[in-house]
Amino acid sequence: MALRLEELIAPRHTALITQECQNGVIGAQAVFPALTAHTKELIPAVDRLAKAARKAELPVVHCLAVRRPDGLGANTNARMFGAAAKAPVLLEPGSHAAAVADGITVEPSDLVLSRYHGLGPMADTGLAATLRNMGVRTIVGVGVSLNVGMLNFAMDAVNAGFQFVLPREAVAGFPPEYAEAVLANTFNAIATITTVDAVLNAWN
C-alpha cells in the first residue's frame, strides 16, 4: 500500500540530498550550458527545500562531482566524461566551480560529500552508509540531470533499499521534452514524483 507523502517523508527518517548543484554544473560557470538554461528555477527551489529541511531537523547532504587537473581517479569510459574533460570549466576540488551553487545556502550542519568518479552520488561515496547511520529510509533527491545523474541516483538508491522522492521543480534535464518523458516513463515507476510545495507542506 502506498504511503501518504507526509508519512513517506516524515522528518524522523528522511534526508534532503542535492546532486551536482554546483556552480560549474548549474551556475554561471556551467560545463554544459544547454542544461543550465533550464535550471534557473531549480536553484531557488532547492534553497527553499534546504531551509525547510533544516527547520524540520532533517539532514541536508550536498553531493558534488569533482575532477583533479590531472584527471587522476576520473572515469574515461563514457562519452560524457570525455566531454567534461575537454570543457573549459574544471570542477577542481576547493574551487568556486566545484562548490555548491550560489543561491543555495550551505550551513555548518550540512554534510558535503565529493566524488571523483561515477555517474551518481551513491557509487562508493559513503552516502548510503552515512544515511543509514542517521536512520534515513527516504531520500528527497534534487538536482541534475534527469538524463543521467538523477536517474542513476534514483536507481542506485532504490537498489540500496531507500525510498526515493523527487520534487519536480527542483530537478532538470535537457532537452525539456526528454526530461518530461523520463519523469513520466521511468521515474514514475521507481520514485514518488511530487512538488516542492507538497514537500514543504509535509515538513511544516
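# Strands, a helix and a ring pair

Student: Over how many bridges do strand E2 and strand E3 (residues 111–115) pair?
Tutor: Two strands pair if DSSP finds at least two bridges between them. Strands are DSSP runs of type E with at least two residues, helices are runs of H or I with at least four, and both are numbered from the N terminus. E2 and E3 pair in the parallel sense, and the count is 5 bridges.

Student: What kind of model is this?
Tutor: Residues are numbered from 1 along each chain as its sequence is written, and side-chain values use heavy atoms, without hydrogens or water. Local features need pLDDT of at least 70, side-chain atom pairs count only at pLDDT 80 or more, totals for chains, interfaces and linings use all residues, and the model is predicted.

Student: Which residue of E3 is the bridge partner of Leu 64?
Tutor: Leu 64 lies in E2, on one side of the strand with Val 60 and His 62. Look across to E3 for its bridge partner: Ser 114.

Student: Why is E2 described as largely enclosed?
Tutor: Buried means under 20% relative accessible area, exposed means over 50%, and partly exposed is in between (1.4 Å probe, protein chains only). Both faces of E2 are covered, with Val 61, Cys 63 and Ala 65 on the side away from Val 60, His 62 and Leu 64. E2 (residues 60–65) is largely enclosed by the rest of the structure because the number of its residues that are buried is 6 of the 6.

Student: Which residue with a positive phi follows H7?
Tutor: Look past the end of the helix, whose residues are 149–159. There the phi is positive, near 100°, at Gly 161.

Student: How are the rings of Phe 153 and Phe 164 arranged?
Tutor: Phe, Tyr and Trp rings (for Trp, the six-membered one) pair if their centres lie within 6.5 Å; planes under 30 degrees apart are stacked, over 60 edge-to-face, the rest tilted. By this rule there is 1 aromatic pair. The centres of Phe 153 and Phe 164 are 5.0 Å apart and the planes meet at 85°, so the pair is edge-to-face.

Student: How many residues apart are Phe 153 and Phe 164?
Tutor: Both are buried. Phe 153 sits in helix H7 and Phe 164 in strand E5, so the pair links distant parts of the chain, and the two residues are apart by 11.

Student: What is the relative accessible area of Phe 164?
Tutor: Phe 164 is found in strand E5. Beyond its neighbours within four places in sequence, it is in contact (heavy atoms within 4.5 Å) with residues including Ile 139, Gly 141, Met 150, Phe 153 and Ala 154. Phe 164 is buried, with a relative accessible area of 1%.

Student: How far apart are the C-alpha atoms of Phe 164 and Ala 97?
Tutor: Along the chain, Phe 164 and Ala 97 are 67 residues apart.
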